[in-house]
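Please go through the structure shown here. What can be said about its parts and how they are arranged?

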Amino acid sequence: MSLADDRGEAQLIPKIRARAPVPVAAVVLSPGGEQARITGPADASEQMTVRLIGRRQDVAAGHPRSQRFDRQLRAFGEQGQATLARLAVGVAGAGGLGSHVIQQLVHLGIGRIMVVDPDRVTPSNLSRLVGASRLDATLRRPKTSVARRLSRRVGGPSRITGLRKSVTDEEPARRLLDCDLIIGCTDNQWSYQYYVPVFDLGVELQAAGAMGGRVTWLAPGSACLWCLKILDPQRVRAEQLPRQVAEEEASRGYIQSLDEPAPAVVSINGAIASIAVTEFVARTTDFAGSAARASQLMYRLSDGVVRRTFARPGQACPT
Ligand SMILES: [Zn+2]
């Protein structure tokens, strides 16, 4: 195991122990071979023997080259496409950002897509909700239904399920744990809280001079939204207040009202969604090379540039 593995474990093990006093086992699988070790209560590590019970199957082998995916097969290769077909991706939020993301995941042929959104379509959504119609707004159809219909119309191999609940509820949270990756497209500052990698998307059109958006990679060992100074402590506090208290404080001007809609533009949502989906494909298929990926991609309208940042977790980060 490498120095990076040692460092990662040194941070992770105390956190696991804080929850339960258990031995912690770790396995590294790499093209060069397999290694495993177990760390006991007194921090003593012992090597473990790894016995392989089978080799990875090459799912793409033997299948005729798919016409549907011909053009992207030329970019990702058979193996890359097979990887996408095996993945389960959770999308938290099927609104202005999420609908773009879902549409692209369906076109890519992602195996399973799980969409979580409690909201129904309103007339004000029609300026940016991909796949939604005026009739959806009139009938107040759930946004998850719009996403499922869009997937049906494209007619690819993706299996899409919708859950009309908030991501902060227990059931969707449990279902999202079954996904390989979650793409966070909600307005509220819902953050990484599971050991499942998350791409967290955000658009900012209020701060003059800082208009644009970001795609943030959140996974065990990466910098969190606090370390990256993305979370606004005032706003997080406001979101956790009981509704009545929040309204009272907002009316006195102590906090910004949570009901005030933020500005949103379809093209900027689309740009951020596309950056996120491209980064997701790059990380899962290696089609863009295997160099270290940035922890955050920032798009600024003022200079038309996407910047990368490679942030490390803060020393005293409680997350
Ligand atoms: Zn942190």
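The questions and answers below concern a predicted model.

Q: How far apart are the centres of domain 1 and domain 2?
A: The domain assignment gives domain 1 as residues 1-56 and domain 2 as residues 87-309. Taken over C-alpha atoms, the separation of the two centres is 33 Å.

Q: Which residue in E3 stands opposite alanine 36?
A: Strand E2 covers residues 33-39, and it pairs with E3 over 4 bridges in the antiparallel sense. The residue of E3 opposite alanine 36 is methionine 48.

Q: What span from first to last C-alpha is expected for helix H9?
A: Helix H9 runs over residues 266-285 and has 20 residues. The expected span is 1.5 Å times one less than the number of residues. The helix reaches 28 Å, close to the expected value of 28 Å.

Q: Which strands are included in what covers the buried residues of H9?
A: The buried residues of H9 are Ile268, Asn269, Ile272, Ala273, Ala276, Val277, Phe280 and Val281. Residues three or four places apart on an α-helix point the same way, because there are 3.6 residues a turn. The cover includes helix H3 (98-108) and, among strands, E7 (181-184), E8 (198-204), E9 (212-218) and E10 (296-300).

Q: Which element gives the largest share of the largest nonpolar core?
A: This core has 49 residues, and Val91, Val101, Ile113, Val115 and Ala276 have the most contacts inside it. Leaving aside neighbours within four places in sequence, the contacts of isoleucine 113 include Val89, Val91, Ile102 and Leu105. The largest share of the core is 7 residues, and it comes from H9.

Q: Is serine 133 buried, partly exposed or exposed?
A: Serine 133 lies in the loop between strand E5 (112-116) and helix H4 (134-138). A buried residue needs 20 or more other C-beta atoms within 10 Å, and an exposed one has 12 or fewer. Serine 133 has 14, so it is partly exposed.

Note on methods: Residues are numbered from 1 along each chain as its sequence is written. This is a predicted model: local features need pLDDT of at least 70, side-chain atom pairs count only at pLDDT 80 or more; totals for chains, interfaces and linings use all residues. Domain bounds come from an automatic or database domain assignment. Two strands pair if DSSP finds at least two bridges between them. Helices (H or I, at least four residues) and strands (E, at least two) are DSSP runs, numbered from the N terminus. Two residues are in contact if their C-beta atoms, placed from the backbone, lie within 7 Å. A nonpolar core is a set of buried Ala, Val, Leu, Ile, Met, Phe, Trp, Tyr and Cys residues joined through C-beta atoms within 7 Å.
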